[in-house]
Amino acid sequence: MSAKEEFTDDPTFNQKKNTDGVDMEAVDGICEKTFAQRTARATAKHPKKIIVASFAVAFLLSLIGPIVAGGLEITTDTKGWRSRGTLVAKREMQAEVLNLNRFQLFRDTDGSHWQYLKSTVTEGWYLATERGTAYADPKKTSRRVGENMDLSLSISQYKRHDDNAEKYIAFEDTCNPLWYKDFGAVLFQDNMYAIWKVQPDEDEDDASISALDKDVLSQICNAEMNTMSIMKDNDVCNKGSDGICCPPHSLIFLLRQKLATHESSCDELMDAYTMNVQIEFTNELLGCTDEYTQKFNIATKIPGIMEFCSFDYLPNVVDANFGRDGNRKVRYTSSFFNTKSDDIAPLDFYDIYESFDEADGTTVRGVYNVETDEIIHEKTEESQNADVNIALVSLGITIFALLAHSKS
């Protein structure tokens, strides 16, 4: 007789064991022993109901959480990305360290500060207010030059040629011309600025274009005017007595100053910008750049007395290569707008900056920011949050596809 045909006179034998000799009572006892085991059996039996219920509970908690916690929001923490070890993070960290120490390095005649930076290892990323002694002395280093220099000295020490007075006869009736003379007020008071890059890149074959060319200056002039109109509508600029935003300090402003045509339109300005005027303007910029470089006061970090430059030159109008080895081309230039920095927070520009005119993008392209880089930081945060949302949606689609495929 086989095992399956084996019988006994014990009436409880077949209730305790199956025909293969397994104790079914013990098995049932194990399966129903704990709550976790019962939950596991229910999950295996009804997987679709369980996963839908889990998503529903998680969704309800995500709605209730901000209400209970008060002010809680879902966001990404990007504070430490510069210390992640990637090539991009390392380069950004290097740029940040150099930026925070740029004034100390400029005055570092014996190389001691450079050696300090090279020998100081930064364990992670810290905000300026949290940095302590991570890799820069917060009492001596700041992203804002206004905390490292006496801006009240900028006008008195940065004198202009007396011939400039006649260039302000019409302009001073609407805007304050002293602002354009003030090194600190223009460059380091949280003014919004645009950086213009002449296209294409320098290493390409068609890299002979300069920001001083008529078609490029025309693009920049019109972009500045359109952006000023948007700033006026949103009341974020300092206005003249005529209710119009005061123009930014830029190549366009210096050209208007040279030609004494502050009230002219962009088309009228370009009509006056003949080839001879372009050559004269370029030569004057070369002279001003050389004088500015020679007379810059390293100790006070303030420009010296400008005796020969015929207009309100500031270094934002040309790039570092202009004037070197006979270079007469400007590949990068910037426009600093006369902004309500005392009344307007930098992030107030974030809602409108995408509507600012960036030129055609083919001949020249502009990007906008404020001195504290808040717009770029906010844009980075928004982009990363968008990436996280896309990843979550992709995860949901993947889970749904797996469930549909398995017919769970």
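**Close-up views of a predicted model**

**View 1. The end of helix H10.** In this predicted model, helix H10 is followed by Asp235, a residue with a positive phi, near 55°. The 20 residues of H10 should span 28 Å at 1.5 Å a residue, and the distance of 29 Å between its end C-alpha atoms agrees with that.

**View 2. The three-stranded sheet.** An open sheet is formed by 3 strands in the order E2-E1-E3, with antiparallel pairing. Strand E2 (332–336) and strand E3 (364–370) are the edge strands, and each pairs on one side only. From one strand to the next, the twist averages 20°. Helix H10 (residues 214–233) packs on the sheet and touches E1, E2 and E3. The direction of H10 makes about 155° with that of E1. Strands of a sheet pair through backbone hydrogen bonds, either parallel or antiparallel.

**View 3. Pairing of E1 with E2.** Strand E1 (residues 192–198) runs antiparallel to E2 and is joined to it by 5 bridges. Ile195 has Ser334 in E2 as its bridge partner, while Ala194 stands opposite Ser335 in E2. Of the 5 residues of E2, 4 are buried, so this strand is largely enclosed by the rest of the structure. In a regular strand the side chains alternate between the two faces of the sheet.

**View 4. The buried residues of helix H10.** Among the buried residues of H10 are Val216, Leu217, Ile220, Ala223, Met228, Ile230 and Met231. The buried set also includes Ser218, Cys221, Glu224 and Thr227. The cover over the buried residues of H10 includes strands E1, E2 and E3. Helix H11 (251–259) and helix H12 (266–272) are also included in that cover.

View 5. The structure holds 11 aromatic pairs. One of the aromatic pairs, Phe356 with Tyr368, is tilted, at 5.0 Å centre to centre and 55° between the planes. This pair links distant parts of the chain: Phe356 is in the loop between E2 and E3, Tyr368 is in strand E3, and the two are 12 residues apart. Phe356 counts as buried because its relative accessibility is 4%, under the cut-off of 20%. Tyr368, at 3% relative accessibility, likewise counts as buried.

**View 6. The aromatic cluster.** Phe356 and Tyr368 belong to one aromatic cluster together with Trp196 and Phe337.

Key
Residues numbered from 1 in each chain as written. Predicted model: local features only at pLDDT ≥ 70, side-chain atom pairs only at ≥ 80, totals over all residues. Heavy atoms only, no water. Pairing = 2+ DSSP bridges. Axes fitted to C-alpha atoms, helices over the stretch in contact; angles between N-to-C directions. Contact = heavy atoms within 4.5 Å. Phe/Tyr/Trp six-rings, centres within 6.5 Å; stacked < 30°, edge-to-face > 60°. Buried < 20%, exposed > 50% of the residue type's maximum accessible area, 1.4 Å probe, protein only. Expected span 1.5 Å × (residues − 1).
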